[in-house]
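Biologist: Please walk me through reading this model, one feature at a time.

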Amino acid sequence: MDNNIVKRMHKYLPKFRWELYNKCFTIGCSPKVLKNARGIAIPIADKTKLRYVEGYRGISLLSIPGKCLEKLVTGRLIYFLEVFVQLSPLQFGFTAGRSTADTIKTVLDFVVTRRKRGLKCCLLALDTAGAFDNAWHPSILARLRNLSVPKTRTTW
């Protein structure tokens, strides 16, 4: 569903999209059609690898209504986690108002403080490729239940 269709739907059925999204939250699921994505391959900078699978980065393009629902879910989840102080103060990725520069400054401050005290420190950096794609979703859902994250915002 492209942007023109979404605009026309909104013109003729202005409440439909919001009613759909609210129903998704109420029953705790979303229509499969909103999860359909179009996969595309984007070439990486290294032109010598374009003959190989490694020469491309795959991405999924969701429909506009699917993106909107995803944005609403993410916003509600982050709001809940912030209100109930469930995010680490060292969480920088995917956090509003925090940047790579903030991360670097925090690490440098830590190192400088330790060195002034005559202590040694070590930095271990991990980049887990495809971490979310390979995450075990039952564990994520169990963690959300353990945090008592509600399905709807009306309960918080």
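Modeller: Take cysteines to begin with. A disulfide is a pair of cysteine sulfur atoms within 2.5 Å.

Biologist: How many disulfides does a search of the whole structure find?

Modeller: The search finds 0 disulfides. Bear in mind that this is a predicted model: local features need pLDDT of at least 70, side-chain atom pairs count only at pLDDT 80 or more, while totals for chains, interfaces and linings use all residues. Residues are numbered from 1 along each chain as its sequence is written, and side-chain values use heavy atoms, with hydrogens and water left out.

Biologist: Which residues make up the largest nonpolar core?

Modeller: In soluble globular proteins, nonpolar side chains tend to be buried together. A nonpolar core is a set of buried Ala, Val, Leu, Ile, Met, Phe, Trp, Tyr and Cys residues joined through side-chain atoms within 4.5 Å. Here the largest has 5 residues: Tyr 21, Cys 24, Phe 25, Leu 34 and Leu 69. Helix α2 (residues 16-27) gives the largest share, 3 residues. Helices (H or I, at least four residues) and strands (E, at least two) are DSSP runs, numbered from the N terminus.

Biologist: What volume does the largest pocket have?

Modeller: Rolling a probe the size of a water molecule over the atoms shows where empty space is left. On a 1 Å grid over the protein atoms alone, a pocket is an open set of points where a 1.4 Å probe fits, with protein on both sides within 12 Å along at least five of seven lines; lining residues have an atom within 4 Å of a point. Points join across faces, edges and corners, and volume is the space filled by probe spheres set on them. The largest pocket has a volume of about 2,200 Å³. Of its 40 lining residues, Val 73, Leu 77, Phe 132, Ile 140 and Leu 144 are the closest to the centre.

Biologist: Which element supplies the largest share of the lining of the largest pocket?

Modeller: α4 does, with 10 residues. At least two lining residues come from each of α2, α3 (32-35), α4 (64-83) and α6 (137-146).

Biologist: Where is confidence lowest, and where is it highest?

Modeller: pLDDT is the predictor's confidence in each residue, from 0 to 100. In the protein chain, α3 is lowest, at a mean of 80, and helix α5 (residues 100-116) is highest, at 92. The chain mean is 82, and 94% of its residues reach 70 or more.

Biologist: What phi does Ser 148 have?

Modeller: Most residues other than glycine have a negative phi. Ser 148 is not a glycine, yet its phi is positive, about 60 degrees. Ser 148 sits in the segment after α6 and is exposed, at 53% relative accessibility.

Notes:
Buried < 20%, exposed > 50% of the residue type's maximum accessible area, 1.4 Å probe, protein only.
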